[in-house]
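Here's a quick rundown of the charged side-chain pairs in this one. Have the structure open while you read.

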Amino acid sequence: MQSSLRFFTKFRQSCSVAFRFLRSQRKESYKHFKKIQYPLFPVLAFHPFATVHALSFGFGKKEEVKEKELTKEELIIIEADKIYTANEILKLYDFLIQYKDCKNDEILWRLARAASDKGKLVQNTNEKKACFFEAFEYVKKALELNDNNFASHKWYAILLDYTAEYEGTKKRISNAFHVKEHLKRANELNPKDATSLYSLGYWCFLFADMPWYQRQIASALFASPPTSTYEEALAYFEKAEETDPNFYSMNLLMLGKTYIRMKNHNMALKYLTRAKDHPMNKPDDEKAHKEALELLKSMGVKLEDQQ
């Protein structure tokens with residue numbers, strides 16, 4: 001009996017040892033299995049919270065992006081452009097004039113444009129002249145500050161011509177090469193600016209359309225006076241319209257006038273009608289509307305509800 005008890009006791013102990021051994025082997029096998037299942041990320045099998053960290057690599061994390069803090073000059077420009085888009089000419093001039101002594105070319109050429117637009121708006125001849133000459137001073141300062149600003153070159157050219165109108169035909173013709181030089185530079189710096197293209201077209205039209213007595217003055221001033229053709233003017237006007245369709249009533253008017261000179265009345269009718277129907281937001285729009293009406297009448301077009 002006692003021998004039987006000793007046998008079962010030893011047998012149980014042996015089974016317990018065998019069980020512990022088998023259990024330890026099973027754990028080792030399971031660990032090995034996990035490592036085989038995930039050879040690239042062995043850490044995943046033992047650190048479940050590391051999974052998110054290891055797989056995210058920062059993806060999905062909301063990074064704090066600091067908004068660029070705008071400078072005072074940038075805020076002024078944003079506000080000026082907002083007022084300009086709203087076609088509030090005098091408000092824009094009053095806003096920008098307080099910064100006339102600044103050293104920022106972007107603000108100064110906008111002030112020059114605003115002063116020029118004000119000059120077109122006022123009726124008094126002396127006030128108009130004063131506005132254009134005032135505008136010219138601002139754009140000269142802008143160009144001195146930055147010779148690579150396309151808008152400064154453009155408005156320098158425009159105002160050089162505007163001011164020369166008050167100094168006589170001889171002065172205007174003598175400035176002609178300088179005007180074109182700055183317009184070409186503006187176009188080089190920004191080929192997509194429709195206003196520069198329009199201004200080049202207008203320059204070409206003026207010299208293609210120049211009367212004989214002005215040609216005599218030009219010949220006296222220059223060995224090779226400035227010349228152009230209607231075809232050259234048309235190319236610039238069409239390019240401007242292609243770049244920014246319907247951007248400027250005066251471009252539509254000049255397309256119509258150029259086609260009249262080239263005896264293409266169908267195309268002239270098309271663009272003069274568009275000039276007539278263009279929204280009248282600025283003085284230039286009213287001018288284009290009025291001239292388009294007169295030209296359409298001269299072509300025998302019957303118009304109703306003319307304004």
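What follows covers the salt bridges and how exposed their partners are.

Keep in mind that this is a predicted model. The count comes to 16 salt bridges, and three of them get a closer look here. As background, oppositely charged side chains can pair up when their charged atoms come close.

**R110 and D81**
- R110 pairs with D81 in a salt bridge, with 2.9 Å between the closest N and O atoms.
- This one links distant parts of the chain: R110 sits in helix α5 (residues 105-121) and D81 in helix α3 (residues 72-85), 29 residues apart.
- R110 counts as buried because its relative accessible area is 9%, under the 20% cut-off.
- D81, at 27%, is partly exposed.

**E241 and R274**
- E241 and R274 form a salt bridge too, their closest N and O atoms lying 3.1 Å apart.
- Again, distant parts of the chain are joined: E241 belongs to helix α12 (residues 230-243) and R274 to helix α14 (residues 265-277), with the two residues 33 apart.
- E241 is buried, at a relative accessible area of 7%, whereas R274 is partly exposed at 29%.

- D81, E106 and R110 end up in one network, joined by salt bridges that share partners.

**R172 and E165**
- R172 is partly exposed, with 24% relative accessibility.
- E165 is partly exposed as well, at 44%.

Terms used
Residues numbered from 1 in each chain as written. Predicted model: local features only at pLDDT ≥ 70, side-chain atom pairs only at ≥ 80, totals over all residues. Heavy atoms only, no water. Salt bridge = Lys/Arg side-chain N within 4 Å of Asp/Glu carboxyl O. Helix = DSSP H or I, 4+ residues; strand = E, 2+ residues; numbered from the N terminus. Buried < 20%, exposed > 50% of the residue type's maximum accessible area, 1.4 Å probe, protein only.
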